[in-house]
Amino acid sequence: MKLTVFGATGGIGQEIVKQALSAGHVVTSVVRDPSRFTVSGERLTVVRAALTDPQELREAVAGRDAVLSGLGARSRKDAGTATRLTRTVLRAMEAGTTRRLVVVSAAPVGPHPARQPVVDRIVGRLVSAALKPVYVDLRAMEDELAGSATDWTSVRPPKLTDAPLTGTYRKVVGGTPRSGRTIARADVAHAMLAVLDDPATVKQGVGVAY
């Protein structure tokens, strides 16, 4: 497949690029700061863009089979980043024929799991309160997706770690895994690539966790 990856300098984004190249895909990585991008490969093209002008991105998404995005806020002070940058990507895609879009969101944006243990409910409330601006941003981003013409999927992980790829995790289409507390960035990237060909995930949030 021909793929375009946004947010490719982040932990999830770089994992998406590395795993996609290993799987034989042709990848275009769109980055704001190429000095932070450490991946290389014969089937890789790196495009520098500020992600503020949809027209600037149209060539990067034109003719691709899918677009994947690791864009998002890294902290409370960056809240608003996911919505603003994803809106630019959506506008760029609207000008062409590429429709498949997979983005990373977060577990608190999804529905609460049924029969969630009390301790997990308490921890969830504390995390949601501490990072409220980030989750408000991600909900707004998902609203943008829902109002778009794309065949989107939002992958929603809990707390991220830098553990190695396992390829083994729980996935709930339209829901959230019960007592899902952590997942490695590498496995989030794996999940994002895995849903590309799964029609059941189109226009759905997908909860992932160990």
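Trainee: At what angle do the axes of helix α1 and helix α6 cross?

Mentor: In this predicted model, the axes of helix α1 (residues 11-22) and helix α6 (residues 185-194) cross at roughly 55°, and they come within 8 Å. That angle makes α1 oblique to α6, and the crossing in which α1 passes α6 is right-handed.

Trainee: Which residues of α1 and α6 make the contact?

Mentor: On the α1 side the contact is made by G11, I12, E15, I16, Q19 and A20, and on the α6 side by R185, A186, V188, A189, H190, M192 and L193. Sorted by class, the residues of this contact between α1 and α6 divide into eight nonpolar, three polar and two charged.

Trainee: Staying with E15, which side chain does the side chain of E15 meet in a salt bridge?

Mentor: The side chain of E15 meets that of K18, with 3.6 Å from N to O. K18 and E15 are separated by about one helical turn, because they lie three residues apart in helix α1. For the model, the count of salt bridges comes to eight.

Trainee: Changing topic to the sheet, what is the order of its strands?

Mentor: The sheet is open and has eight strands in the order β3-β2-β1-β4-β5-β6-β10-β8, with mixed pairing. Its edge strands are β3 (44-48) and β8 (170-173), each of which pairs on one side only, and the twist from one strand to the next averages 20°.

Trainee: And how many bridges join β4 to β5?

Mentor: Three bridges join strand β4 (residues 66-69) to strand β5 (residues 100-104), and these two strands run parallel. If you want a place to look in the structure above, L68 stands opposite V102 in β5. As background, strands of a sheet pair through backbone hydrogen bonds, in either a parallel or an antiparallel manner.

Trainee: Which strands does helix α2 lie across?

Mentor: Helix α2 (residues 54-61) lies across β1 (2-6), β2 (26-31), β3 and β4, and it runs at about 145° to β1.

Trainee: What about α2 and α3, at what angle do their axes cross?

Mentor: The axes of α2 and helix α3 (residues 81-94) cross at roughly 60° and come within 8 Å, and the two helices are therefore oblique to each other. α2 passes α3 in a right-handed crossing.

Trainee: Which residues make that contact of α2 with α3?

Mentor: From α2 the contact involves P54, L57, R58 and V61, while α3 contributes T88, R91, A92 and M93. By class, this contact of α2 with α3 has five nonpolar, one polar and two charged residues.

Methods
Residues are numbered from 1 along each chain as its sequence is written. This is a predicted model: local features need pLDDT of at least 70, side-chain atom pairs count only at pLDDT 80 or more; totals for chains, interfaces and linings use all residues. Side-chain values use heavy atoms; hydrogens and water are left out. Axes are lines fitted to C-alpha atoms, for helices over the stretch in contact, and angles run from 0 to 180 degrees between N-to-C directions. Helices (H or I, at least four residues) and strands (E, at least two) are DSSP runs, numbered from the N terminus. Angles under 35 degrees count as roughly parallel, over 145 as roughly antiparallel, 65 to 115 as roughly perpendicular and the rest as oblique. A crossing is left-handed if the near helix is turned anticlockwise from the far one by less than a right angle, and right-handed if clockwise. Contact means heavy atoms within 4.5 Å. Ala, Val, Leu, Ile, Met, Phe, Trp, Tyr, Cys and Pro count as nonpolar, Asp, Glu, Lys and Arg as charged, and the others, Gly among them, as polar. Two strands pair if DSSP finds at least two bridges between them. A salt bridge is a side-chain nitrogen of Lys or Arg within 4 Å of a carboxyl oxygen of Asp or Glu.
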